[in-house]
Each structure stands twice: as structure tokens, then as C-alpha cells.
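The sequence and the structure come first.

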Amino acid sequence: MKDSYRHKGLRKKLVESISDRGITDERVLSAIAHIPRHFFLDKAFEEIAYEDRAFPIGNEQTISQPYTVAYQTVLLDVQKREKVLEIGTGSGYQAAVLSYLGARVYTIERQEDLYKKASHFLPQIGFEGIRFYYRDGYKGLPEFAPFDKVLVTAGAKEIPQELVRQLKIGGVMVIPVGKGDVQTMYRFVKQDDNTLIEESFDDFRFVPFLNGKNPRQ
Ligand code: SAH
């Protein structure tokens, strides 16, 4: 796999367009400028990998649109060494962005194929520290809780209480929530064991946050 000057140029344009849409966080823009998104996609998408669009990654799932990745990452406000739990590994791109920002990343995927692919591939391109799990994201990772931050990258119908439990006091969860095809981005801060402070942001379309691991074929 090759990262050429052309790819770097396309990434620079992508970063400009995301920044024109209102993303100003320099660290997040720098992550997107550095991580070769075309590595996370099939060869067939190489020419269009830097368009600001979601693309299929197999198993009816998608890599999120770069603007959406940037948007969620800004809301999460990741600091170095923070323990971050991501639900929905997918291609692993978002996990790479979090790792680039210095987070200790734990990521869960319910599709075995995607889990296998991302967990083999990410270390090969320099992301050695990310921990991958093939599990049901609704259950989180109780053995590694509490987390400073939780990022859900699939559309949830309601707030998963188990994930709230696994947040530290003062911890932050960013999650798209909605009953239909469209979800509203929420940020919750866990003030104490019984109080969540809620903020809502723009609407997005995510693939659904499904219950349980996928049944084996
Ligand atoms: N963060 C990903 C985007 C993936 S799309 C990326 O950067 O590419 C959302 C992912 O969530 C899909 O791969 C889907 O399989 C996964 N998902 C949906 N429900 C899940 C669950 N209950 N547990 C774990 N992963 C889940």
C-alpha cells in the first residue's frame, strides 16, 4: 500500500473542505491530514477515498464520512492518555484518529469479518496500541471500565445504560440517538452516578447500533 504525494494533496483538500464546514480543532484536522484514509478502503475506492462521503466496507457497513468523524472527535475532546471506548470499529479509521490524538483506544465490533480485518491491519500501518474486541457493544467492556470517554459510531435508538455505567464520573459520551433513519448527535457528561448532563447537536445518518454479535454463518 502506497501513500503518494497525490494522496497527500487530496487529503489537504479534504481537510480544507471540512474546515470550511466549521471544524476548527487543529488537532483533529491534523489527524485527518495525516491518516491515509484510502488504506481503510478497497482498492476500487482509491480514487475517491478523499471525497467527504461514507463508503461501503463490506457486511452492509460503512466507513463514516470524514466530516462526521471530525465532528464526533471534536465533541469528544480527547486528551492524551485518556481511556476511550469506541463502539463500532468498522474500518478502524475512527479508532486510528483517536489513537493519533494520544488516546488509549478500546474498540468493539459485532461483525467478525470487520473485527478481524481492522485488528490485523491497523498494527501494520503503525497503530500498535489499539485494543480490538469482537463483542456486543451494548455490553461495553466491564473489565476495563471506567472510561474517560465513550464514542458510539452507530445510530442508537436509546441511550445504552451499561455504557453510561462504564463512564467515569466526569466522563463524556458522544452518541447519535434517534428512533428513525436520522439521529441527533448528543453529548452526555456523567456528573454523578444518577445525573447526566445532556447537550444536543446536529442530525446525522448512521448505520444502526444493533443488539448482539452477528450470528455466525
Ligand atoms: N467507526 C467506524 C464506522 C463504522 S459504522 C469507522 O471508522 O469505519 C458502525 C459500525 O458499528 C459497523 O461496523 C457495525 O457493524 C457496528 N455495530 C453496530 N452495532 C454494534 C454493536 N452492538 N456492537 C459493536 N458494533 C456494532
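## A network and a total

Asp3, Lys8 and Arg11 are linked in a network of salt bridges, a salt bridge being a side-chain nitrogen of Lys or Arg within 4 Å of a carboxyl oxygen of Asp or Glu. By this rule the count comes to 17 salt bridges.

The model is predicted, and local features need pLDDT of at least 70, side-chain atom pairs count only at pLDDT 80 or more, and totals for chains, interfaces and linings use all residues. Residues are numbered from 1 along each chain as its sequence is written, and side-chain values use heavy atoms, with hydrogens and water left out.

## A buried pair

Lysine 149 and glutamate 82 form a salt bridge through their side chains, at 2.9 Å from N to O. Because lysine 149 belongs to strand E6 (residues 147-152) and glutamate 82 to the loop between H3 and E3, the pair ties together parts that are 67 residues apart in sequence; helices (H or I, at least four residues) and strands (E, at least two) are DSSP runs, numbered from the N terminus.

Lysine 149 counts as buried at 6% relative accessibility, and glutamate 82 counts as buried at 14%, where buried means under 20% relative accessible area, exposed over 50%, and partly exposed in between (1.4 Å probe, protein chains only).

Aspartate 77 is partly exposed, with a relative accessible area of 36%, and arginine 27 is partly exposed at 32%.
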